[in-house]
Amino acid sequence: MIDICIVGSGVAGSLIAYEAARAGKTVVVLETGRRYDPLDPELYERVRLQLYPWQWEDESRDAFELDSPMRVRLNGGRVKAVGGTTLHWNAYAPRLQPGDFRMKSSFGVARDWPLSYEELEPWYVRAERELGVAGGDAPGMPPRSAPYSLPPHPYSFSDNEVFLPAFRKAGLTLGYNPMAVASQPYDGRAGCVGFTTCAPMCGSGAKYTGMVHVRKAEATGKVEVRSESHVRRIRLASARRVGRIEYVDKTGAAQTVEARAFVLAAGGIENPRLLLLSAADGTHARGLGNESGLVGRTLMFHTASGVRATMKERVGGHRIGFGTSISWDHHNHSTFPETGNLLLFPADLQGPMPADIAQSSGLVGAALKDHVRKRYGSNVKVIGEGEMMPNPENSVTLSTAKRDRFGDPIPRVSIRMGDFERRTMDRGVEIGRRIMELAGAKEIWTDTGPLGGHYMGSTCMGADPTESVCDKFGRCHGLDNLYLAGGSIFATSSASHPTLTMAALALRTADSLARAL
Amino acid sequence: MLWTRRVFVQVGAVAAGAAVLGWSQREALSKLLDPPRAPENLLSAEELNEIVAVADTLFEPDDEQERGELEKTMRWWAEGRVTRGPHLDVYKAGLAALATTLTDRRESLAALGPADRKALITPLVAGEEKGPFKVLTDEILEGIYSSAIGWRSLGYTTFPGVPSGPLEYTTRPHGPARVVATA
């Protein structure tokens, strides 16, 4: 019997597999998606042709029901493939703030995490090393015990010329944006050379993806990653122990894996779905580990307040695939309980792209060329990434109407913004507009909405088994050998991007798991 | 909206600093993610010639060298988009619409001289209606302005999808110095 079976090969699953293997454990990773070779020139050719490289979606497997007044592009925010969603992420890697871990006790809202920032801090340091995070000083950033793994990416031209002065005039500060993109060669990865296509695919391998640790894990000889292996059920060996996982392999044959411990690292939608699908007798009648009734509940996204502007001069956008600066000034819990935190990111990657300008011009020949030349490159944007409260009504449940090709109910995602979220987004717009005005923008326009891709809280961690699904190591309260990993275990969403925290928690889970076995 | 890398970058991921996508038409998405795998030469030589002729008229190369590069770019782009993506219908329908316009002349666009081509194409492109030919010209313009030839016309020596050097983005932008944006 193997030691650990992991469901999902994204950043959390691959890190746990690697760490467990380093501790001498044998691991099987089951990944529902296919495996891509990052060196396959076909992927790069598709990017050059403006086509999406990761053709992972399968309607018969990945359909979902949406109960929301908002446009939610669930499958646009995730990638089911070996390496997971990090294949197409933008690699922003900020930490959470210490206050995010004690929202209830310090600010009277949401709930506390079962661990403190201080407990997680050493794991953040390790995660930054594993992911190769390039960063530097930024006023108000979370405290740290060690420098970043790599020097920061220098500020872009637009940061230096437009945003730093504008933020200063607004009484705000900017600092270096922590990115899991190597600013110089690191751990076998190339340094960034400005392909600018970070999302959806880095052309040089400077960007971290889960493939880094998939390959490292496999190189230990103790880890087997089985792609196109779709998990359907988790089966109990006893009331408090999982015995095996049932899945369908790439040939369509039903298979099982028995292991001493199991980890679900399949994302904020599939983690709760699998627990709900695997309901069993007795205390697991509402789903595995669901004595609290919180499996699938308190699903959280991030909100986005976008303020776009046209500047008077070219700022030279689209020469690097991410924003190089960040502002923590509004991510300090100072406006609770009225509005939530906002992490501010300026960027010069905003449209319209040259093709958009050409297409909307109605011009031909020299007039067209001149038109595009004059109008391209003056647009910028400030994004305010905001947090959502853990509302039990926002949830992942099982559809009663539709099933996937395996015959299992598809996930039903219910999500709504409340007054808190709307006020937070409005505040983000207000701040962004002020910055653009101070930057001397010619024209400003705004948009708000959910920020897809970050699916959190649906199997939340907590100290009290009646109010959470897993403990501070990700272990399911009701099951001694089932662990949860990824954004689904977040107790609050914070305003920070989740991936680095997912990695830090995964490393901590791996350590705990290796000790337990 | 078609689900393309450009759309991805523009609408979603980079805009938000997160792995977010921005398409709205699920049907179009599904088609793109599961494109028809077709045999080679889905576009005939005559059709490719017409596409190049449309591109030449739209972009009006400055000289023969640029004309040659444009032709090479468009052949690569059109063949790539129909074999790897779901754009064959865009080309077929657009060329059919163009052929309808040409009926009176009983000729192909490629057979016309530059002045006649421009006289024919200009009102079609300027029109408000988003018919099949306008969709085709949008597709062709995307090819031009996503490739080296289009970016070079803006003064960029590099562009998204090719390496530019680690610190290129920190300098004053390429192109005519201090280009003043107009509304």
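**View 1. Packing of helices H9 and H10 in chain A of the predicted model**. Helix H9 (residues 354-361) of chain A packs against helix H10 (residues 366-375) of chain A at an angle of about 135 degrees, and their axes are 9 Å apart. Axes are lines fitted to C-alpha atoms, for helices over the stretch in contact, with angles running from 0 to 180 degrees between N-to-C directions. H9(A) is therefore oblique to H10(A); angles under 35 degrees count as roughly parallel, over 145 as roughly antiparallel, 65 to 115 as roughly perpendicular and the rest as oblique. Pro354(A), Ile357(A), Ala358(A) and Ser361(A) of H9(A) make the contact with Leu368(A), His371(A), Val372(A) and Arg375(A) of H10(A) (contact: heavy atoms within 4.5 Å). The contact residues comprise 5 nonpolar, 2 polar and 1 charged; Ala, Val, Leu, Ile, Met, Phe, Trp, Tyr, Cys and Pro count as nonpolar, Asp, Glu, Lys and Arg as charged, and the others, Gly among them, as polar. Helices (H or I, at least four residues) and strands (E, at least two) are DSSP runs, numbered from the N terminus.

**View 2. The surroundings of Ala180(A)**. Ala180(A) is placed in the loop between strand S4 (175-176) and helix H7 (211-219) of chain A. Ala180(A) is buried, its relative accessible area being 0% (buried: under 20%; exposed: over 50%; partly exposed: in between; 1.4 Å probe, protein chains only). Gly135(A) is 45 residues away along the chain, with a C-alpha separation of 8.8 Å from Ala180(A).

**View 3. Val214(A) in helix H7 of chain A**. Val214(A) counts as buried, at 2% relative accessibility. Beyond its neighbours within four places in sequence, Val214(A) is in contact with Ser9(A), Ser14(A), Arg35(A), Val82(A), Gly83(A) and Val225(A). Between Val214(A) and Glu224(A), 10 residues apart in sequence, the C-alpha to C-alpha distance is 9.3 Å.

**View 4. Ser153(B) in helix H8 of chain B**. Helix H8 spans residues 148-153 of chain B. Ser153(B) has a relative accessibility of 12% and counts as buried. A polar atom of the Ser153(B) side chain lies 2.6 Å from the backbone oxygen of Gly150(B). Apart from residues up to four places away in sequence, Ser153(B) touches Arg373(A), Phe59(B) and Tyr145(B).

Residues are numbered from 1 along each chain as its sequence is written, and chains are lettered from A and ligands numbered from 1 in the order in which they are written. In this predicted model, local features need pLDDT of at least 70, side-chain atom pairs count only at pLDDT 80 or more, and totals for chains, interfaces and linings use all residues, while side-chain values use heavy atoms, leaving out hydrogens and water.

Key. A polar contact is a pair of N or O atoms within 3.5 Å; within protein, one must be able to donate a hydrogen and the other to accept it, and residues adjacent in sequence count only if both atoms are side-chain atoms.
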